[in-house]
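Happy to walk through this one with you. Here is the structure, followed by some questions and answers.

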Amino acid sequence: MPGHEYLLTSTNLFELEDTPKNVAIIGSGYVGMEFATLLSAAGVKVTVIVRSGQPLEGFYSQHVHQLVDEMKNSLGINFIFNTNVTAVTEAQTGYEVQSANGNLGTFDKVINASGRVPEINALKLDNAGVEYSNRGIKVDKYLTTSANNIYAMGDIVDKTAPALTSTAQFEADYLSALLTNKTTEPLRYPVIGTVTFTFPQLAQAGISIDKAKEDSNYSIKDIDITQGDFFYAGTDDHARLSLVFDKQNHLVGAAEISQTAVDDINALIPVMAINVDPEVWKEKMIMAFPGLAYKIRTLI
């Protein structure tokens, strides 16, 4: 877009020698929301420009709405929703950000956190007979492309699995095993945990809470982990945990908003991945008290 040369990225933001006073962030995924948290904690006035009506679209919507309220009220971050940035122009006092609805303001710095796209066109894939779309390279269940002996993995792949560092590494491990004849099985993704290091954190794994609400095969338990037996030092005033159970009452999904969400969800991933019997969990392990993994031992 016009003015893209004025934008900072997640890479060169850390090269700034001085702290800006007023920053606009284009995009509200992991990077945009984490930088909004970081910069506001450093005393920067932050405005996040969101293309849709909700940031962090892959996370549980109820937790995301709560997070936005927390970031507004506690950190003073401003959000502009349902807005596409059309241009950035240089001004005497900074940079003006334009949208279809007009001028969104003048800022010391503007950060492009709208997301990175696969650099597909530079690869000349048509010459090799490799099929692709604007979402990435098409692969089968063995990460094989439409061309013999050409494979693809990571963020450049058109896939439903989250485009995370951890999933790219998992695909690399699988492809290494496949090409060295250590496996002949198709790729099967495990239970995948993901987190955004905002304040508070959002973390989740397994079945999406929003999708589970639309499926009668699942039941959901929402827990206020700041009250009663679930309370422990470190949780904030609005910490919530949501658990998804299947018809057999197995834990198949979890999402949390709290100051310690990443550690709590990581403790639950083995329960989902290995399908641990609740009685075995209680018999074989006493988790560290007063961590959440100990408090919810009777629920899993």
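Q: In what order do the five strands of the open sheet lie?
A: Strands here are DSSP runs (E, at least two residues), helices are runs of H or I with at least four, and both are numbered from the N terminus. Two strands pair if DSSP finds at least two bridges between them. The pairing in this open sheet is antiparallel, and the order is E10-E11-E14-E13-E12.

Q: A quick aside: what kind of model is this?
A: Local features need pLDDT of at least 70 and side-chain atom pairs count only at pLDDT 80 or more, whereas totals for chains, interfaces and linings use all residues, as this is a predicted model. Residues are numbered from 1 along each chain as its sequence is written, and side-chain values use heavy atoms, leaving out hydrogens and water.

Q: Which strands are the edge strands?
A: An edge strand of this sheet pairs on one side only. That applies to residues 193-196 and 219-224, which are strands E10 and E12.

Q: Which residue in E14 stands opposite Leu243?
A: Strand E13 (residues 240-245) and strand E14 (residues 251-258) run antiparallel and are joined by six bridges. Opposite Leu243, the residue in E14 is Ala254.

Q: What angle does the direction of helix H2 make with that of E14?
A: H2 (residues 61-75) packs on the sheet and touches E11, E13 and E14, where contact means heavy atoms within 4.5 Å. Axes are lines fitted to C-alpha atoms, for helices over the stretch in contact, and angles run from 0 to 180 degrees between N-to-C directions. For H2 and E14 the angle is about 5°.

Q: Is Gln201 buried or exposed?
A: Gln201 is found in strand E11. Buried means under 20% relative accessible area, exposed over 50%, and partly exposed in between (1.4 Å probe, protein chains only). At 12% relative accessibility, Gln201 is buried.

Q: Which residue's backbone nitrogen does the side chain of Gln201 reach?
A: Beyond its neighbours within four places in sequence, Gln201 is in contact with several residues, including Thr196 and Glu256. The side chain of Gln201 comes to 3.0 Å from a backbone nitrogen, that of Val262.

Q: Within what arc do the buried residues of H3 fall?
A: Among the buried residues of H3 are Thr167, Glu171 and Tyr174. The arc is that of the directions from the helix axis to the C-beta atoms. The buried residues line one face of the helix, because seen down its axis they fall within 160°.

Methods: Polar contact = N/O pair within 3.5 Å; in protein donor to acceptor, adjacent residues only side chain to side chain.
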